[in-house]
Amino acid sequence: MEILKQIEEKWQKRWEEAKIFEANPDPSKPKFFITVAYPYPNSPQHIGHARTYTLADVYARYMRIRGYNVLLPMAFHYTGTPVLAMAKRLAEGDKELIKDFVNVYKVPKEKLKELTNALAMAKYFHEEIKEGMKRIGYSIDWRREFTTIDPQYNRFIGWQFQKLSQAGYITRGSHPVGWCPKDGNPVSQHDTAGDVEPEIGDFTLIKFQYAGWFMPTATLRPETVFGVTNIWLNPKAKYVKAHVDGEKWIISQECAEKLAFQNRKVTVLESLEGKELIGKTVKNPVKGDEVLILPADFVDPKNATGVVMSVPGHAPYDYVALENLKHDSAKLKEHALDETAVKAIKVVSIIEVPSYSDIPAEDVVKKMGITEQTDPKLEDATKEVYRHEFHNGKMKANTGKYAGLPVAEAKEKVKQELISEGKAAVMYELLNKPVRCRCGTECIVKIFEDQWFIDYGNSEWKALARKCLEKMRILPEDLRTEFNYVIDWLHERACARKSGLGTRLPWDQEWIIESLSDSTIYMAYYTIARHIKEHGMQPNQLTQEVFDYVFLGEGNAEQIAQKVGLDKEIIEKMRSEFTYFYPLDSRHSGRDLVPNHLTFMIFNHVAIFPEKHWPRQIVTNGSVTMMGVKMSKSFGNIIPLREALKMFGADPLRLSVLATAELLQDAEFSPAVAKSMQEKIERLYKFVLEFAKENSETGKVSENMLTMIDRWMLSRLQEHIKNATEFMDTLAVRKAIHTVLYELEQDFQWYQKRIKDQKNNPERKAAINHVFSEVINAQIRMLAPVAPHICEELWEKIGGKGFVSLSSWPTVDETKVDVKAEENEALIMGLLEDTQNIVKATSITPKKVFYYVAAPWKWKIYRMALEKSAAGKIVQKDLMKELMKDSELRGKAKETADFAGKIIEEINRMPPEKRQRLLNIEAIDEKQVLKGAEDFLKNEINAEIHVYGEEDLNCYDPKKRAHLAKPLRPAIYMG
């Protein structure tokens with residue numbers, strides 16, 4: 001471990017001194033511009049973060065070694081309220097937070113007082129995160145570093161918002177927003193505990209009538225009001241009678257409090273228990289029938305109104321709850337309910353759905369085996385019914401004028417008509433509640449008046465976003481549907497608040513642009529950040545005209561330069577650097593940012609930049625889990641990045657977070673995995689060092705010096721290079737690591753085993769060293785993007801020129817692909833495995849092993865069968881017609897038919913690729929191949945080896961096994 005730490009420090013120092021990751025425009029090279037979400041510095045990064053950032057760095061290193069001029073910059077996102085909330089909690093002496101800071105984040109106790117200042121806290125964790133990024137070996141161009149509260153960056157964001165405003169995408173008005181009642185601010189993902197984006201849904205409140213009062217039932221499916229059989233209330237919950245905008249409502253106590261935030265005038269008159277209303281009846285405002293109020297513990301008084309209409313024909317939760325209640329005599333008795341009346345409630349079918357009965361809820365509940373209303377499968381059942389009804393359902397005749405309408409259309413029509421008739425209202429609620437602000441308060445929905453919004457609901461803007469998405473490469477491709485879905489449902493979004501850090505709205509200075517709105521086109525700022533810093537540009541020099549010229553090519557450079565007091569050459573260089581590196585080639589982030597930041601990035605780019613500068617690719621990855629649970633402070637399973645680096649080292653940690661899962665899967669981290677990676681790297685280090693020490697010169701090796709096993713190894717190497725390249729091109733990094741670190745290693749170990757007794761042979765030394773050198777050289781270069789420190793060290797040890805980080809990725813040499821050598825070796829491998837399996841199964845220790853290879857006539861049949869199978873599945877009758885055209889085979893028709901019958905099924909099952917490989921080579925001389933491997937097989941099996949053709953005159957075959965031989969499957973006898 002100590003040697004690995006020394007190697008890391010050595011190469012990080014050398015990279016920095018040589019400035020090899022500082023990317024400047026170079027017309028002689030293709031460019032590749034990669035960014036990853038800039039971090040929020042209110043705590044240190046942990047292993048969970050390392051996956052996203054390491055993946056971006058691996059890709060940057062891969063593209064660099066592929067010959068691209070790669071730019072990977074980094075900045076820090078100070079904007080918003082999270083760091084303010086954290087500093088405030090610290091100042092208030094929050095014991096839990098102090099414990100985390102000291103025990104988990106390793107913040108010195110004497111530093112805590114200083115960190116009660118929000119800016120001091122941000123700067124502290126900024127440096128902590130930056131140091132971690134350096135220590136793990138990220139190939140970042142640090143000249144371009146900035147923070148989102150830098151005055152120069154503020155000017156850039158001001159320019160962005162002026163452009164959005166000029167395009168008509170900024171609006172002012174009243175819209176629902178996620179809201180923290182304590183902080184008095186809108187909240188978005190960056191403001192919430194666990195980075196949860198508040199999802200707002202509009203519930204239709206259908207006003208059922210009860211004794212001169214309205215009981216508004218909250219539903220997302222107003223079209224199902226025709227199928228209501230009863231109302232659910234929570235008997236244990238507190239309800240209130242209240243005047244709401246002049247109407248008399250009965251709602252949950254929590255609802256009354258929330259409605260006040262939605263611009264409704266609410267006056268609470270009295271409280272009552274839910275149980276007081278059980279057994280009463282209410283009138284359906286649409287059908288006019290009376291239905292019972294029944295008890296249900298599952299009704300959440302904190303969700304919307306706390307009053308729920310029951311539609312058991314089309315809502316699995318309602319179906320199961322009603323069935324449970326009908327058979328719960330104790331509960332019926334407890335609430336003095338008429339058992340006969342409850343049991344008489346009939347399910348009403350109002351929607352016709354293909355492939356379902358009249359009662360879809362019943363179908364799905366029974367199919368899933370759900371019997372209790374506490375069964376978590378009810379959530380999936382609800383989604384299934386809703387999905388099929390919404391997309392394929394039609395309203396039945398008992399829905400009156402809506403009969404025959406598709407459910408999707410009826411839903412909106414019913415809602416609008418009920419509202420216009422005064423029979424319904426709207427209430428906004430969080431669909432993914434509970435969502436908590438970082439201050440700890442549970443968030444609600446507020447109708448925010450006179451607020452600034454970005455209008456992501458603009459249909460023309462959506463069309464441009466879709467056009468961009470269509471042209472983009474999305475990795476993994478499965479997420480394209482999710483992006484399209486987000487583009488469809490996005491609507492107005494609050495883009496500013498009155499507190500927090502960040503950029504003030506240029507036309508309304510009391511508002512500060514929020515964190516998911518000032519982080520959508522900052523990739524463009526990276527391209528000019530170094531010039532701004534190097535030339536000491538002042539904020540007032542970065543005018544709208546400067547940015548218009550640099551990013552859009554508008555205006556006259558000389559006139560603009562003169563106006564702002566800058567050299568014309570500087571402005572032109574900024575423009576040139578932007579146009580060289582843009583568009584953004586690859587954007588990296590976790591999946592949780594698809595519903596906001598990543599999609600906002602698309603929207604904002606298409607709003608401001610010409611099509612040639614729209615982003616080209618988005619790469620999204622899953623999370624990191626530990627013992628199956630997502631890494632999170634709330635679960636107590638966080639390991640800060642710098643602590644993990646001390647424990648495991650940079651390269652083992654990089655491998656650990658990338659080697660256990662495909663791109664979108666969650667990666668399971670465990671100290672055991674990191675330890676095993678550490679040991680693997682140490683073994684590789686020792687092996688290469690030993691090789692480099694013993695083999696300083698390989699000498700020139702001609703083709704005729706290479707034996708079949710040498711050609712096999714070099715051929716296998718080409719296959720591994722091909723696979724690793726394909727995997728890296730699609731960022732299937734787990735597969736690439738597996739190829740380079742395991743599959744190639746497995747083949748290399750087999751090669752070493754095969755040439756073990758030849759290493760001291762002077763005639764073989766040059767060829768063997770040549771093969772070793774080729775494999776090690778390629779393996780180091782292919783592993784370099786993932787484990788750069790150890791690979792730099794090994795590259796130096798084997799005499800590689802310069803930095804391996806700037807070398808070239810191995811390419812497939814088709815002249816070294818030798819299918820025959822591979823098939824010959826596959827024969828030896830398979831035969832050794834068969835022999836060892838027999839020894840294991842019989843528990844015998846053979847002194848002699850006899851192998852019998854197939855006769856030439858069998859090979860003739862085998863090859864003819866292979867040829868015929870190329871056209872499709874072979875049938876014995878058809879094959880025999882072909883075989884009987886051969887005079888030799890006609891002379892042994894019975895043996896031919898018997899043998900053909902034995903191999904037909906095997907060849908029909910053979911993968912097409914394997915079949916083609918065998919057709920591309922001549923018949924294998926199995927006897928010669930096995931004779932050449934006699935010494936190897938003897939050492940492996942610890943027995944004398946004898947090889948015969950099955951029809952050899954001197955064939956020793958006491959047990960008559962020879963006739964069982966098939967091509968590529970010699971018969972075996974042990975004595």
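The model is a predicted one, in which local features need pLDDT of at least 70 and side-chain atom pairs count only at pLDDT 80 or more, while totals for chains, interfaces and linings use all residues. Residues are numbered from 1 along each chain as its sequence is written, and side-chain values use heavy atoms, with hydrogens and water left out.

**The sheet**

Select residues 848-853, which make up strand S28, and then strand S29, to which S28 is joined by six bridges in a parallel arrangement; helices (H or I, at least four residues) and strands (E, at least two) are DSSP runs numbered from the N terminus, and two strands pair if DSSP finds at least two bridges between them. Together with S30 these strands form an open, mixed sheet of three, in the order S29-S28-S30. Strand S29 (944-949) and strand S30 (971-974) stand at the edges with a single partner strand each, so one side of each is left without a neighbour in the sheet. From one strand to the next the twist averages 20°, where axes are lines fitted to C-alpha atoms, for helices over the stretch in contact, and angles run from 0 to 180 degrees between N-to-C directions.

Select Asp-94 in the loop between helix H3 (82-91) and helix H4 (95-104). Its side chain makes a polar contact with the side chain of Arg-89 at 3.0 Å, a polar contact being a pair of N or O atoms within 3.5 Å of which, within protein, one must be able to donate a hydrogen and the other to accept it, with residues adjacent in sequence counting only if both atoms are side-chain atoms. Asp-94 has 23% relative accessibility and so counts as partly exposed, given that buried means under 20% relative accessible area, exposed over 50%, and partly exposed in between (1.4 Å probe, protein chains only).

Move to Asn-324 in helix H8 (residues 316-326), which at 18% relative accessibility counts as buried. The side chain of Asn-324 reaches the backbone oxygen of Thr-371 at 2.9 Å, and, leaving aside residues up to four places away in sequence, Asn-324 touches Thr-371, Glu-372 and Gln-373.

**Salt bridges**

Side chains of opposite charge can pair when their charged atoms come close. Taking a salt bridge as a side-chain nitrogen of Lys or Arg within 4 Å of a carboxyl oxygen of Asp or Glu, the count comes to 76.

Begin with helix H19 (residues 568-581), where Lys-568 and Glu-572 lie four residues apart, about one turn of the helix, and their side chains meet in a salt bridge at 3.6 Å, N to O. In helix H32 (residues 893-909), Asp-898 and Lys-894 are likewise four residues apart, and their salt bridge is 3.1 Å, N to O; Asp-898 is partly exposed at 40%, whereas Lys-894 is exposed at 61%.

As a last stop, select Glu-22, Asp-141, Arg-143, Arg-144, Arg-530, Glu-534 and Glu-577, which are linked in a network of salt bridges.

Definitions and conventions: Contact means heavy atoms within 4.5 Å.
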